[in-house]
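Reader: Before I set up any calculation on this protein, I would like to go through its architecture with you, one question at a time. Could we start from the structure itself?

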Amino acid sequence: MEKIELIAPCHFGLESVLKREVQNLGYEISVVEDGRVSFYGDVDAICRANIFLRTAERVLLNVGTFKATTFEELFQKTKQIEWEKYIAKDGKFWVTKAASVKSKLFSPSDIQSIMKKAMVNRLKEHYHVDWFEESGASYPVRVFIKKDMVTVGLDTSGVSLHKRGYRQLSSKAPITETLAAALIMLTPWKKDRILVDPFCGSGTFPIEAAMIAANIAPGMNRSFTAEEWTNFIPKKAWYNAINEANDLVDDEIEVDIQGYDIDKSVIKAARENAREAGVEHLIHFQERGVKELSHPKKYGFIITNPPYGERLEEKKDLPKLYGEFGESFKRLDSWSAYMITSYEDTEKYFGRKADKNRKIYNGMLKTYFYQFLGPRPPKKQKEDTNE
């Protein structure tokens, strides 16, 4: 099969997690850059990447990379791309997004219209038509220009991959599914260890953890734009990937995953989302404040996204909240806590300096992933944890 290059964008600061995921799927990494991981595969890789990758935002098929410093150069080099290899005669095609960093060409709308014109010219010559009905499958194009180097990607995913399909209801400041999965995968947590989220909101952390534990592929219950690209991706490739995902699900798994929130309506939403994800039986949700956080077992994990002023009416409530969280954590002998927040005084009120701290951009918001590490469990309890 012909080798193709795929580009998977991700959250800034979490490229290493996505790189590991891609390698675990068996694909060769071509380049890792800020906010994206590129790798080589075949058409099957398009299906498998969309269905299996937990931390990618989408999967783009790289159809061309070139240098352009003028709009004329952009037009001519876009026209040189063999669009007919990808876009069917009745295909609907457009440049859905153009981004430019440190480049001479910086107007997104101009980049979009010039590239669309070049695509039309190329396909007119190939298909011998004067106009396109564009009544068939959709072929959205995404363009990224950095230091005058243009990367042209066909978007195989469509709706962003963080939309797994299970979150019908969300709390006021939800964390995305892809970010939650990546943060869990940054910790040493494994399915045989306790996991508690004391600010669970709509349940994203517990649900993503349960899906990881049960080996449920994140893209199993949604559709992708490239499913309609039957002109060069056979339907069988999608069926094979879904069958592979189904075969890997472990329904017999037993885990201790808990989600608490002080808001009763939010807990109800979390339960509903877990039901949609097929993991309701794996998670214990409870209406409970962080002051009441406790657990009889040792060596557990807290992974959470506490309020940081966006979700509360005012920041004045945060010192008390983080103080209560810190006091509860002190009582949890031998536990580890991981939290993502933009609150600058986290360590001050939590009452402990983080052992590790990682800067992560949640959209445009700069946040920190604070890691408060407990002791490792004794060896007999530590089998398969890979810590």
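Author: Contact here means heavy atoms within 4.5 Å. Please keep in mind throughout that this is a predicted model.

Reader: With that cut-off, which residues does Asp256 touch, not counting residues up to four places away in sequence, and where is the place of Asp256?

Author: Leaving aside residues up to four places away in sequence, Asp256 touches Arg193, Ile194, Leu195, His295 and Lys297. Its side chain also makes a polar contact, at 2.9 Å, with the side chain of Gln258. As for its place, Asp256 is in the loop between α7 (235–248) and β9 (257–261).

Reader: β9 belongs to a sheet with the strand order β10-β9-β8-β11-β12-β14-β13; why is one side of each edge strand left without a neighbour, and which strands are these?

Author: The sheet is open, with seven strands in mixed pairing. Each edge strand has a single partner strand, so one side of each is left without a neighbour in the sheet, and the strands in question are β10 (283–287) and β13 (356–362).

Reader: In what sense do β9 and β10 pair, and what is the bridge partner of Ile257 in β10?

Author: In general, strands of a sheet pair through backbone hydrogen bonds, either parallel or antiparallel. Here β9 and β10 pair over five bridges, and the sense is parallel. In β10, the residue bridged to Ile257 is Ile283.

Reader: Which strands does α6 lie across, and at what angle do α5 and α6 pack?

Author: Helix α6 runs at about 170° to β9, and it lies across β8 (195–197), β9, β10, β11 (301–304) and β12 (336–341). Helix α9 (residues 318–331) also packs on this sheet, where it touches β11, β12 and β14 (365–372). As for the helix pair, α5 (residues 177–186) and α6 (residues 204–213) have axes 9 Å apart, and they pack at an angle of about 65°.

Reader: Which residues of α5 and α6 meet, and how many of the residues in that contact are nonpolar, polar and charged?

Author: On the α5 side the residues are Glu177, Ala180, Ala181, Leu183, Ile184 and Met185, and they meet Thr204, Phe205, Glu208, Ala209 and Ile212 in α6. The crossing of these two helices is right-handed. By class, the contact has eight nonpolar, one polar and two charged residues.

Reader: Turning to the sheet ordered β2-β3-β1-β4-β7-β6-β5, which strands stand at its edges, and how large is the average twist from one strand to the next?

Author: This is an open sheet of seven strands with mixed pairing. At its edges stand β2 (28–33) and β5 (92–101), each with a single partner strand, so one side of each lacks a neighbour in the sheet. From one strand to the next, the twist averages 30°.

Reader: Over how many bridges do β6 and β7 pair, and which helix packs on the sheet, touching β5, β6 and β7?

Author: Strand β6 (residues 138–146) pairs with β7 (residues 149–155) in the antiparallel sense, over six bridges. One of the bridges joins Val141 to its partner Leu154 in β7. The helix that touches β5, β6 and β7, with its direction at about 140° to that of β5, is α4 (residues 108–127).

Reader: Finally, what separates the C-alpha atoms of Gln168 and Glu272?

Author: Gln168 lies in the loop between β7 and α5, and among residues more than four places away in sequence it touches Asn273 and Glu276. Gln168 and Glu272 are 104 residues apart along the chain, yet the separation of their C-alpha atoms is 8.0 Å.

How values were computed
Residues are numbered from 1 along each chain as its sequence is written. This is a predicted model: local features need pLDDT of at least 70, side-chain atom pairs count only at pLDDT 80 or more; totals for chains, interfaces and linings use all residues. Side-chain values use heavy atoms; hydrogens and water are left out. A polar contact is a pair of N or O atoms within 3.5 Å; within protein, one must be able to donate a hydrogen and the other to accept it, and residues adjacent in sequence count only if both atoms are side-chain atoms. Two strands pair if DSSP finds at least two bridges between them. Axes are lines fitted to C-alpha atoms, for helices over the stretch in contact, and angles run from 0 to 180 degrees between N-to-C directions. A crossing is left-handed if the near helix is turned anticlockwise from the far one by less than a right angle, and right-handed if clockwise. Ala, Val, Leu, Ile, Met, Phe, Trp, Tyr, Cys and Pro count as nonpolar, Asp, Glu, Lys and Arg as charged, and the others, Gly among them, as polar.
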